[in-house]
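Hi,

Here is the structure I said I would pass on. Have a look at it first, and then read my notes below.

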Amino acid sequence: MYNLQQRTNNVFSFAVSVLGTVLAIVALISAISGYGSINGKVQVHADNVKIVTRRYGPENTDYRSSKSEFARLTFDIDADFTPMFNWNTKQVFVTVVAEYQSKNFDRNSVVIWDKIITSKEKANLKLRNVHNKYAMIDVAQKWNYEKANLTLVWDVTPYVGILQAGQSNQGSGFVLPPFSSQ
Amino acid sequence: MALADIIECTIDFEGQRLAEQLTYVLLIASGIVSFVVGYSLQSLQMVMMLFAAGLVLTALVVIPPWPMYNKHPQPFITDKVVEKKE
């Protein structure tokens, strides 16, 4: 500590250690207390499920073929994420997931919509007639009357700490018919 | 003064001990204060700003060679005493 450089080094290095300890305590508090759960509802318009055929994957450049079946659906979202915004919340990442069981696989989950909420003012979601943002297609590339459920899933990104996720239990169901039956 | 003395701004040993204790006390205090105030205001931004203010204060108190760090200069034997002995 006998010259300027040593004192500067000592001060800044200890400051970083203290700051790290303070932020570690903040992260520990958030990890222990969590972000809570909300009653989120996503309601699909079950009579408004359209199946269309488009190109998919390997046949992307074959402009004559359009035999892969995609599902297009609309739904309403009612979820108030305001309780999840505390001093250590950077953003809440909300997704709508469609889950169904098919002939060859027991569990299929498709993310069809997502949204990033960055502040408490924008956290109260009341959305109507939302179209699915991402394509909904099965591995078999054809639908066959599978029964699907929509669930609301959220992930909270803190400023310091671990990511925490949750989901709502209420799901609304709909059926995915083959294209030929429409 | 030599160039090294101008750049380094040395302080004596008692001053070094005082400077070291001051850095620890001031930085830990600003850490505690910034955490408590930020937790009560529920704002992480307050934590960071108060801690930055505490860091600037500590730097201003400890780093420059204030006179209080030079109150106990180290007594070295001078050349004249050695020459007389010979």
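**Notes on the model**

A:E59 counts as buried, because its relative accessibility is 12% (buried means under 20% relative accessible area, exposed over 50%, and partly exposed in between, with a 1.4 Å probe and protein chains only). The side chain of A:E59 meets that of A:K67 in a salt bridge, at 3.5 Å from N to O. By salt bridge I mean a side-chain nitrogen of Lys or Arg within 4 Å of a carboxyl oxygen of Asp or Glu.

Before the rest, some housekeeping. This is a predicted model, so local features need pLDDT of at least 70 and side-chain atom pairs count only at pLDDT 80 or more, while totals for chains, interfaces and linings use all residues. Residues are numbered from 1 along each chain as its sequence is written, chains are lettered from A and ligands numbered from 1 in the order in which they are written, and side-chain values use heavy atoms, with hydrogens and water left out.

**Other salt bridges**

Over all chains, the rule gives five salt bridges. One of them joins the side chains of A:D114 and A:K133, at 2.9 Å from N to O. This pair links distant parts of the chain: A:D114 sits in strand β6 of chain A and A:K133 in the loop between β7 and β8, 19 residues apart. (Helices, H or I with at least four residues, and strands, E with at least two, are DSSP runs numbered from the N terminus.) A:D114 counts as buried because its relative accessibility is 13%, whereas A:K133 is partly exposed, with a relative accessible area of 49%.

In chain B, B:R17 forms a salt bridge with B:E14, and the closest N and O atoms are 3.5 Å apart. Both residues lie in helix α2 (residues 13–41) of chain B, three residues apart, or about one turn of the helix. B:E14 is partly exposed, with a relative accessible area of 37%.

**Where the chains meet**

How many salt bridges are there between chain A and chain B? The count is zero. The rule does find four residue pairs in polar contact across this interface, both residues at pLDDT 80 or more. A polar contact is a pair of N or O atoms within 3.5 Å; within protein, one must be able to donate a hydrogen and the other to accept it, and residues adjacent in sequence count only if both atoms are side-chain atoms.

By class, the side of chain A that touches chain B has 16 nonpolar, six polar and one charged residues. Here Ala, Val, Leu, Ile, Met, Phe, Trp, Tyr, Cys and Pro count as nonpolar, Asp, Glu, Lys and Arg as charged, and the others, Gly among them, as polar. The contact (heavy atoms within 4.5 Å) takes 23 residues from chain A and 28 residues from chain B. Between them the two chains bury about 2,300 Å², 79% of it on carbon and sulfur atoms; buried area is the accessible area (1.4 Å probe) that two parts lose on being put together, summed over both.

**The cores**

The largest nonpolar core has 35 residues, and those with the most contacts inside it are A:L73, A:F75, A:F81, A:I112, A:M136 and A:L150. Such a core is a set of buried Ala, Val, Leu, Ile, Met, Phe, Trp, Tyr and Cys residues joined through side-chain atoms within 4.5 Å. Strands of chain A that each supply at least two of its residues include β1 (41–44), β5 (89–100) and β8 (146–158). A second, separate core of 20 residues includes A:V11, A:A15, A:V18 and B:Y69.

Leaving aside neighbours within four places in sequence, A:L73 is in contact with residues including A:V44, A:I112, A:M136, A:L150 and A:F174.

**Some single residues**

A:S172 is in strand β10 of chain A and counts as buried, at 9% relative accessibility. Its side chain reaches the backbone nitrogen of A:V44 at 3.0 Å.

A:K120 lies in the loop between β6 and β7 of chain A and is partly exposed, at 43% relative accessibility. Not counting residues up to four places away in sequence, A:K120 touches A:T82 and A:F85.

Most residues other than glycine have a negative phi. A:N129, in strand β7 of chain A, has a positive phi of about 55° although it is not a glycine. Phi of A:Y145 is also positive, near 60°; A:Y145 is in the loop between β7 and β8 of chain A.

Best wishes
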